[in-house]
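Here's a quick briefing to go with the sequence and model. Have both open while you skim the points.

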Amino acid sequence: MSLSSTIQIIQFSVIELALFVLIAIPTIYAMLCAPFVPTHMRQVDRMLEVAKIKKGDKVYDLGCGDGRLLHLASNKFGAVSMGYEYSPFVFIWAKFISLFW
């Protein structure tokens, strides 16, 4: 392996690292710091009515935020609810707000 091919590999690796950093920083920001915009309860109630949720139905919510859809599906319609929230900040907020529901 000549010195010139070694230098090319090093330059290519630096470019890959730079691209990774350029992609990773906004991705991490979006995962942790994306704005949390809750859906109005009227809209949540309407969504569950349109979906014709019945007692015993299973409701899954990906990116459930504060869990208002799951809470209403369980309490009003008798559904079995499971939510997944990726943002740790929103998850902590959901745990706090659930104390008052």
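The lining of the second largest pocket splits into 7 nonpolar, 3 polar and 3 charged residues. Keep in mind that this is a predicted model. The pocket in question holds about 160 Å³ of space.

**Second largest pocket**
- There are 13 residues in the lining of the second largest pocket, and T39, D61, G63, C64 and R68 sit nearest its centre.
- Helix 2 (41–50) and helix 3 each put at least two residues into that lining.

**Largest pocket**
- The largest pocket comes in at a volume of about 260 Å³.
- Its lining runs to 14 residues, with C64, D66, G67, A94 and K95 the closest to the centre.
- Which elements supply at least two residues each to this lining? They are helix 3 (68–75), strand 2 (80–84) and helix 4.
- Helix 4 is the top contributor to the lining of the largest pocket, giving 3 residues.
- Sorted by class, the lining of the largest pocket has 6 nonpolar, 5 polar and 3 charged residues.

**Overall fold**
- The protein is built from 4 helices and 2 strands.
- Going along the sequence, the pattern reads α-α-β-α-β-α.
- Of the 101 residues in the protein, 22% count as buried.

- L69 belongs to helix 3.
- Is L69 buried or exposed? L69 counts as buried because its relative accessibility is 17%, and the cut-off for buried is under 20%.
- L69 and G83 are 14 residues apart along the chain, and their C-alpha atoms are separated by 9.1 Å.

**Nonpolar surface patch**
- F36, W93, F96, L99, F100 and W101 together make a nonpolar surface patch of about 680 Å².
- One of these patch residues, W101, is found in the segment after helix 4 (88–97).

Notes. Residues are numbered from 1 along each chain as its sequence is written. This is a predicted model: local features need pLDDT of at least 70, side-chain atom pairs count only at pLDDT 80 or more; totals for chains, interfaces and linings use all residues. Side-chain values use heavy atoms; hydrogens and water are left out. Patches are made of residues with over 30% relative accessible area and no salt bridge: like charges are joined within 9 Å, nonpolar side chains (Val, Leu, Ile, Met, Phe, Trp, Tyr) within 5 Å. Accessible areas come from the Shrake-Rupley method with a 1.4 Å probe; for residues, only the protein chains shown count as cover. A salt bridge is a side-chain nitrogen of Lys or Arg within 4 Å of a carboxyl oxygen of Asp or Glu. On a 1 Å grid over the protein atoms alone, a cavity is a set of points where a 1.4 Å probe fits but cannot get out, and a pocket is an open set with protein on both sides within 12 Å along at least five of seven lines; lining residues have an atom within 4 Å of a point. Grid points are joined across faces, edges and corners, and a volume is the space filled by probe spheres set on the points. Ala, Val, Leu, Ile, Met, Phe, Trp, Tyr, Cys and Pro count as nonpolar, Asp, Glu, Lys and Arg as charged, and the others, Gly among them, as polar. Buried means under 20% relative accessible area, exposed over 50%, partly exposed in between (1.4 Å probe, protein chains only).
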